[in-house]
Amino acid sequence: MPSSDEADLSRRLAAMTLKEKVALLTGADAWTLTPVASAELAALALSDGPVGPRGTSFGGDTPASLLFPSPTSLAAAWDEEAARETGRLMGARAREMGIHVLLAPTVNLHRSPLGGRHFECYSEDPLLTARMAVAFIQGVQSAGVAATVKHFVGNDSETERMTYDARIDEATLREVYLAPFEAAVREAGVWAVMAAYNSVNGRTMTENHRLLTDVLKGEWRFDGVVVSDWTAARSTEATALAGLDLAMPGPDGPWGDALVAAVEDGRVPMAAVDDKVLRILRLAARTGALDGVAAVPAPAVPDDVRDRLRELAIRGSVLLRNDGLLPLRATELRRVALIGPNAVRFAAQGGGSAHVTPERVVTPLEGLRRVLGEDAEITVHAGVFPHAKLLPLPADLAADPETGQPGVRLEYRTADGGVVTAEHRDPAAWWFPIILADEVTELAVRARLTLTEPGLHRLSVLGTGQHTLRVPGQDDQVHEQLQDGDDIGALLLSPPSHTFTFTADAGQVDIEVLISPQRNLPYPVTLAGLGYAPPRGTDEEELAAAVDAARAADVAIVLVGSDADTETESLDRAGLALPGRQDELVRQVCAANPRTVVVVNAGAPWLMPWASEPGALLWSWFPGQEGGDAVADVLFGAEPGGRLPTTFPAGESGVPILSTQPVDGVLDYAEGDRIGYRAYRPEGVLFPFGHGLSYTTWEYLRAVVVDGAVEVTVRNAGDRPGREVVQAYLDEGGELRLAGFAAVEAAPSRSVTARIGVAPRTLSHWAGAGWARTDGPHVLRIGRSCADLPLTCTID
């Protein structure tokens, strides 16, 4: 892989002044670094990216990108080559967009199913997470783009994420939470690591010398860049001395002139600054941003990339139950009832900084229509309405009342009502990041709506402050919503919303939304956004219509789940029950038509008290932009390749770690290494870790150890080709721990052998000051999930 030798990097370093060096250690803006002519260094660009590179902007006006299936979906494939392919495709797209550093993967663990970024993390198991991460990183960096493994470390939930102190004993830290990071560094050679917001054992991560310098850079010999999470660096000397290399975003921050002064005063050694700059120069050499150093040839995004994204979504889909209803046969269906809130508002991705804007998202209706053709009748009913926020106001529904241009008019006003400035905005964007000048006390959003039907219309406002809705001939409606705390990330990533209602006939109506921004925050930024929903029947009427449609159909396909407002950064979930009346909808539809398939469209576990009632149950995750086609493909016969990367609980009472709420600022990982399947009691599990059905059946024949690996022979006992994920667990006195896995494929009636390597580290434990092998022989149990292990063998 092209790089610059250390002597050349040192030459470039010597050409830089102290101010140039320090300027390089903080972003020139939110997403790029400062170019340095004396070092022949171009500006490096960074981009968020667990589900695809977004680019160097944030908000509704971001450029169209590729939207990949969520990391939980990728992990559900239990397929390292699929992860490597995902990385290669993301790397190719990043190069196409001029991105040098991709802020992915996220390798924090599913410590609790309530974690807000559960969908963005791979799994509850450190080994499965490590295998996915290593392959993904290798794929990204093969394209000449740096992967950034994050969030180092103990950032496994979102509540008080900026300040909580994760108390983790050393053995648990090493064996569980650091393990995926160590694999990313030692095996994949990752080029960047992101330091988290939180503290670990009393020291915030951007100031944690023991973990950043002693462990990461010293013990593991990491030679890349340690970048802060955005605004996570909050001090000058402590962060500089701890091992942080890059404080983002910029240009403001705790370094800059303060770091220059600290060096000049001798409080921070020049050698520490030089080491940071050398690491960034090394990163630039690796990613093609250093003049005179050849870059890796940029791979092209393949013409069939959408087909590949669709196949990845299929590979991650998990068939949880099937009474023989699936796969469906298109020739036998004339009337199909497509039902559920996620049938009409399909959730392709979760929320937060991982969000990207694809050119388009394939809906389940489009996928079904492709399979069934135009002759089949497909009725569509939401049935229930659990979403907290409305869809963005469509641009073609609104017009600027001054110009007639599609969209809205945004005016910045003073206290006396004068207009400082005005601009046109596209309302289809969920948010408008707005910088507030001192003289601006009020924002006004004005629009001429063209309503297509009479009745009760819904208009939502997004953001903080006092909001007033004015509709001609109706009383003003006022609502105030304020932000708690000063986390700008919470405002940007999970802004509050309020829905107004107003009555109007079909035709044109002028509306005005007045916003008095919340000004007691430490930043002069606010957001504004509008959502809209047309008139509909009452909740009871809509539910009854959905059930009637199911009763009259040959098959009912019900899509329930969550969305990017429910599963999102900066916010943990309060509970595991599906929002709104979705459970009621499922039960009523199943009672009306026994030929009901339920598809759950969500990134993290939700309770399914009705799981035994439908004829089939499919988990689609957040499947990315091609998700609608992938769901249709699986329903009509594509092999559902997924196995659960996390445990699905039977009820909240059986979840080992349900609370993510710190106590007096401390989040105590008192459970040690007992998270996920290692902590659940059998009665608390609905579907176990590793579970997933095939459209064929498999027989486990034998397991033998050959040259230190386990060879497992399985037979496809069904009548169609299939894919099986063979899993091996170390049995430690009845406690199971994943030791390895391999996916195999076989034609009907054919046998195939899966070879599973067991790494020496898997047979070791942290013992005080280092790793120690445990005495053998070691018992391995092998099968289809952690709860279905028919074969046993021993390994020394």
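Which element supplies the largest share of the lining of the second largest pocket? The model is predicted.

**Stop 1: the second largest pocket**

Begin by selecting A30, W230, P249, I488 and L492, the lining residues that lie nearest the centre of the second largest pocket. In total, 37 residues line this pocket, and its volume is about 880 Å³.

Next, colour three elements: strand β4 (146-152), strand β17 (432-435) and helix α15 (488-493). Each of these supplies at least two residues of the pocket lining. The opening question is settled here: α15 provides the largest share, with four residues.

Colouring the lining by residue class then gives 21 nonpolar, eight polar and eight charged residues.

**Stop 2: the largest cavity**

Now move from the open pocket to the cavities. Five cavities of 30 Å³ or more are counted in the model, and the largest of them holds about 120 Å³ of space. To centre the view on this largest cavity, select P50, P69, P71, L74 and T86, which are the closest to its centre among the 16 residues that line it.

The greatest contribution is that of α3, with three residues.

By class, the lining of the largest cavity consists of 11 nonpolar residues, four polar residues and one charged residue.

**Stop 3: helices α6 and α8**

Finally, select residues 170-177, which form helix α6, and residues 209-219, which form helix α8. Two packed helices are described by the angle between their axes and the distance between the axes. For α6 and α8, the axes come within 15 Å and cross at roughly 55°.

Show the side chains that make the contact: E170, L173 and R174 on α6, together with R210, L211, V215 and E219 on α8. Is this contact made up of nonpolar, polar or charged residues? Three of the contact residues are nonpolar and four are charged, while none is polar.

Conventions
Residues are numbered from 1 along each chain as its sequence is written. This is a predicted model: local features need pLDDT of at least 70, side-chain atom pairs count only at pLDDT 80 or more; totals for chains, interfaces and linings use all residues. Side-chain values use heavy atoms; hydrogens and water are left out. Axes are lines fitted to C-alpha atoms, for helices over the stretch in contact, and angles run from 0 to 180 degrees between N-to-C directions. Contact means heavy atoms within 4.5 Å. Ala, Val, Leu, Ile, Met, Phe, Trp, Tyr, Cys and Pro count as nonpolar, Asp, Glu, Lys and Arg as charged, and the others, Gly among them, as polar. On a 1 Å grid over the protein atoms alone, a cavity is a set of points where a 1.4 Å probe fits but cannot get out, and a pocket is an open set with protein on both sides within 12 Å along at least five of seven lines; lining residues have an atom within 4 Å of a point. Grid points are joined across faces, edges and corners, and a volume is the space filled by probe spheres set on the points.
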